[in-house]
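Q: Please take me through this structure one feature at a time. Start each feature with the general idea and then turn to the case.

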Amino acid sequence: IACPCALVISTPVTVVSGLAAAARQGILIKGGVYLENGRKLRALALDKTGTITLGKPMVTDVVPLGGANKDTVLQLAASLDALSEHPVASAIVAAWNSGELLPVTDFEAITGRGVRGTIGGILCFIGNHRLTEENKVCGPHVEAELARLEAEGKTAVVLTTQSEALAVLAVADSLRTTSVEAVKELHALGIRTVMLTGDNQTTAKAIAANVGIDDARGDLLPEDKLVAITELQRKHGVVGMVGDGINDAPALAKSDIGFAMGAAGTDTAIETADVALMEDDLRKLPAFLRLSRQVGNVLVQNISLAIGIKIVFFVLAFMGKATLWMPVFADLRGSLLVVFNGLRLLRSKK
């Protein structure tokens with residue numbers, strides 16, 4: 001009766017089976033603790049670009065300001081962004097296919113805002129609304145164009161010098177075909193969804209409305225995302241974060257369970273996260289949660305079974321009705337039962 005075999009075996013067999021079942025579905029989990037804690041998740045924060053959307057935006061609008069030439073401003077913007085790895089920058093570079101790029105010196109990436117560099121002896125900037133306001137070149141005409149483009153759900157950036165705005169450029173990104181379905185499944189599982197993005201608040205709300213996300217927070221720097229995760233943890237308890245970029249790494253590390261887009265994600269995001277979704281399919285999130293809850297149920301069953309058998313034969317022994325061989329065979333059968341019950345997780349298809 002004192003033999004602990006069934007009780008000791010019940011947990012590792014179940015957890016390892018759950019990890020293997022997740023791997024078969026393209027969900028790589030870095031430890032059993034994250035699989036077990038998944039059932040406790042109450043809120044999930046998601047990045048926008050590359051997570052909810054494909055991360056492959058295309059330029060839709062180029063609006064020259066102050067009489068500037070459209071080709072000229074696009075060439076300037078592409079020359080600056082050629083040295084950046086941001087998806088919006090890549091879209092602007094791809095839109096410029098009419099000739100060579102201009103040489104850029106003193107290039108610098110401004111975290112969460114944009115980039116700057118010197119072209120032809122003139123210091124130029126291209127970045128978001130925040131950067132334009134910080135440089136004090138965001139006049140009424142710029143505000144009007146930004147408001148119009150952002151209301152259409154587009155991401156707008158502004159090309160400026162130190163003294164004037166040269167153009168407003170807008171890019172649009174396509175939603176992942178699985179995003180809407182994944183969010184519906186998360187809601188069905190009782191998970192609150194929040195979108196955290198560096199894009200402006202207007203665009204964030206438009207995208208969130210299209211996907212069905214509960215809350216959208218825009219204009220966030222990496223440190224702002226970190227604060228948002230802390231706030232969600234204080235309000236909801238266990239919180240997860242889904243991201244794909246370097247800017248998401250602090251929030252991924254702060255969250256209770258970090259999820260990285262395995263194919264589109266950067267090495268930093270994948271290294272920081274606790275779970276990698278290898279097919280970049282957000283439907284893997286509800287699949288992970290269902291599997292985690294199933295693992296939790298099987299663990300309770302196995303532990304209850306292992307302890308229950310001990311209690312039964314403990315009582316029988318005190319009543320003088322238990323022989324030596326009865327609990328020996330019962331212990332063996334109990335060990336086999338918890339093993340086979342845990343291995344049932346390998347049959348999990350969805």
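A: Begin with burial: buried means under 20% relative accessible area, exposed means over 50%, and partly exposed lies in between, with a 1.4 Å probe and protein chains only. By that rule Phe288 is buried, with a relative accessible area of 0%. The model is predicted, so local features need pLDDT of at least 70 and side-chain atom pairs count only at pLDDT 80 or more, while totals for chains, interfaces and linings use all residues. Residues are numbered from 1 along each chain as its sequence is written, and side-chain values use heavy atoms, with hydrogens and water left out.

Q: Which aromatic pair is formed by Phe259 and Phe288: stacked or edge-to-face?
A: Rings of Phe, Tyr and Trp (its six-membered ring) pair if their centres lie within 6.5 Å; planes under 30 degrees apart count as stacked, over 60 as edge-to-face and the rest as tilted. The structure holds two aromatic pairs. One of them, Phe259 with Phe288, is edge-to-face, at 5.2 Å centre to centre and 80 degrees between the planes. Phe259 belongs to strand β12 (residues 257–261) and Phe288 to helix α13, 29 residues apart, and the pair thus links distant parts of the chain. Phe259 counts as buried at 1% relative accessibility.

Q: How many residues does helix α13 have, and what follows α13?
A: Helices (H or I, at least four residues) and strands (E, at least two) are DSSP runs, numbered from the N terminus. The expected span of a helix is 1.5 Å times one less than its number of residues. Helix α13 covers residues 284–318, which is 35 residues, and reaches 51 Å from its first C-alpha to its last, close to the 51 Å expected. After α13 comes Gly320, with a positive phi near 75 degrees.

Q: Where are Lys136 and Asp280 found?
A: Lys136 is in the loop between α6 (129–134) and α7 (140–151), and Asp280 is in the loop between β13 (275–277) and α13. Each is a non-glycine residue with a positive phi: near 60 degrees for Lys136 and about 50 degrees for Asp280. Lys136 is exposed, with a relative accessible area of 77%, whereas Asp280 is buried at 9%.

Q: What is the order of the six strands in the open sheet?
A: Strands of a sheet pair through backbone hydrogen bonds, either parallel or antiparallel. Two strands count as paired if DSSP finds at least two bridges between them. Here the order is β3-β8-β7-β6-β5-β4, with antiparallel pairing. β3 (58–64) and β4 (105–110) are the edge strands, and each has a single partner, so one side of each is left without a neighbour in the sheet. From one strand to the next, the twist averages 15 degrees. Axes are lines fitted to C-alpha atoms, for helices over the stretch in contact, and angles run from 0 to 180 degrees between N-to-C directions.

Q: How many bridges join the strands on either side of β6 and β7?
A: β5 (residues 114–119) pairs with β6 (residues 122–127) over six bridges, with Gly114 opposite Gly127. Four bridges join β6 to β7, where Phe125 has Thr160 as its bridge partner. β7 and β8 pair over six bridges, with Val158 opposite Val168, and form a hairpin with three residues between them.

Q: Are the two faces of β7 buried or exposed?
A: In a regular strand the side chains alternate between the two faces of the sheet. On one side of β7, Thr155, Val157, Leu159 and Thr161 are buried, and on the other Ala156, Val158 and Thr160 are buried. Helix α4 (residues 70–81) lies across β3, β4, β5, β6, β7 (155–161) and β8 (165–172), at about 110 degrees to β5; contact means heavy atoms within 4.5 Å.

Q: What is the order of the seven strands in the other open sheet?
A: The order is β1-β13-β12-β11-β2-β9-β10, and the pairing is mixed. β1 (27–29) and β10 (215–217) stand at the edges with a single partner strand each. The twist averages 20 degrees from one strand to the next. Three bridges join β12 to β13, which run parallel, and Phe259 has Val275 as its bridge partner in β13.
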